Each structure stands twice: as structure tokens, then as C-alpha cells.
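Colleague: I'd like to learn how to read a model like this one, feature by feature. Can we go through it together?

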Amino acid sequence: MAGQYKVVINEKWCKGCGLCVAFCPKNVLVMGERLKAEVKYQENCIGCRRCENYCPDFAIIVEEAERVG
Ligand code: SF4
Ligand code: SF4
């Protein structure tokens, strides 16, 4: 059931605080080289929306991926 959720990070708004990385229970997110959060293991996302809720800068949105096929 890969790809049920899609985590979208707005790099312009991300200030690199790392909260989303710390709170994600599935280690979906990592800090990138430029100190911006990046979605690394999208397929592990369970859609809990912690990242979205904890991000102080509203830089993350968790979308329900559209059903394909
Ligand atoms: S919705 Fe939950 S599992 Fe998915 S990236 Fe955010 S914190 Fe991690
Ligand atoms: S919580 Fe928000 S501002 Fe902080 S690293 Fe994650 S996306 Fe960037």
C-alpha cells in the first residue's frame, strides 16, 4: 500500500528547525544538505499528520494521494 499519502514540503517556508523530523514516528523525513526538511521515505508515511501539525511555519502539508487505477 505504498503511496497512500503524499507529504509536501514548502522549502521556501521551511526554516530547518527539525521538529518534523523529530516527531515523525516513521522516519519519513530527513534534514537535507541545505537544512531544509526533505521527504525521504514517502512510502512509510502513515498519514498521522504530526509533521503538519508541529511545523511552526506551516511548511508541510500531508495529502491523501489519489487512487490510481
Ligand atoms: S504524516 Fe506522520 S508519518 Fe507521515 S511524514 Fe508526517 S509525521 Fe511522518
Ligand atoms: S518543522 Fe517545518 S520548519 Fe521545521 S524543519 Fe520541518 S518543515 Fe522545516
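This is a predicted model: local features need pLDDT of at least 70, side-chain atom pairs count only at pLDDT 80 or more; totals for chains, interfaces and linings use all residues.

Colleague: How many helices and strands does the protein chain have?

Modeller: There are 2 helices and 4 strands in the protein chain. Going along the sequence, they come in the pattern β-α-β-β-α-β.

Colleague: And what does the radius of gyration tell me about the protein chain?

Modeller: The idea is to set the value against a rule for globules, 2.2 Å times the number of residues to the power 0.38. For 69 residues, a compact globule would come out near 11 Å, and the protein chain has 11 Å, so the two agree. The C-alpha atoms fill a box of roughly 35 × 20 × 20 Å along the principal axes.

Colleague: What share of the contacts links residues 24 or more positions apart?

Modeller: Among contacts in the protein chain with a separation of 6 or more, 53% are between residues 24 or more positions apart.

Colleague: Back to Arg 49: is it buried, exposed or partly exposed?

Modeller: You count C-beta atoms within 10 Å: 20 or more means buried, 12 or fewer means exposed, and partly exposed is in between. Arg 49 has 14 such neighbours, so it counts as partly exposed. Its phi is also worth a look, being near 70°, a positive value in a residue other than glycine.

Colleague: Where is Asn 27 found, and what is its phi?

Modeller: Asn 27 sits in the loop between helix H1 (19-23) and strand E2 (29-31). Its phi is positive too, about 55°, although Asn 27 is not a glycine.

Colleague: Which class does Cys 55 fall into, buried or exposed?

Modeller: Cys 55 counts as buried because it has 21 C-beta neighbours inside 10 Å. Buried residues make up 17% of the 69 in the protein chain. Cys 55 belongs to the loop between H2 and strand E4 (60-64). Beyond its neighbours within four places in sequence, Cys 55 is in contact with Leu 19, Cys 20 and Ile 60. Its C-alpha atom is 15 Å from that of Asn 27, 28 residues away along the chain.

Colleague: What about Val 8: buried or exposed?

Modeller: Val 8 has 11 C-beta neighbours inside 10 Å, so it counts as exposed. Val 8 is part of strand E1, and it touches Ile 61 and Glu 63 once residues up to four places away are set aside.

Colleague: Now the ligands. Which residues come nearest to ligand 2?

Modeller: For ligand 2, the nearest of the 14 residues around it are Cys 14, Cys 17, Cys 20, Ala 37 and Cys 55. Sorted by class, that shell has 10 nonpolar, 2 polar and 2 charged residues. Be careful when reading those numbers, since Cys counts as nonpolar here.

Colleague: And which come nearest to ligand 1?

Modeller: Out of 16 residues around ligand 1, the nearest are Cys 24, Val 28, Cys 45, Cys 48 and Cys 51. The shell around ligand 1 has 12 nonpolar, 1 polar and 3 charged residues. Strand E1 (5-9) and helix H2 (50-54) each supply at least two residues of that shell.

How values were computed:
Residues are numbered from 1 along each chain as its sequence is written. Chains are lettered from A and ligands numbered from 1 in the order in which they are written. A residue is near a molecule or strand if its C-beta atom, placed from the backbone, lies within 6 Å of it. Two residues are in contact if their C-beta atoms, placed from the backbone, lie within 7 Å.
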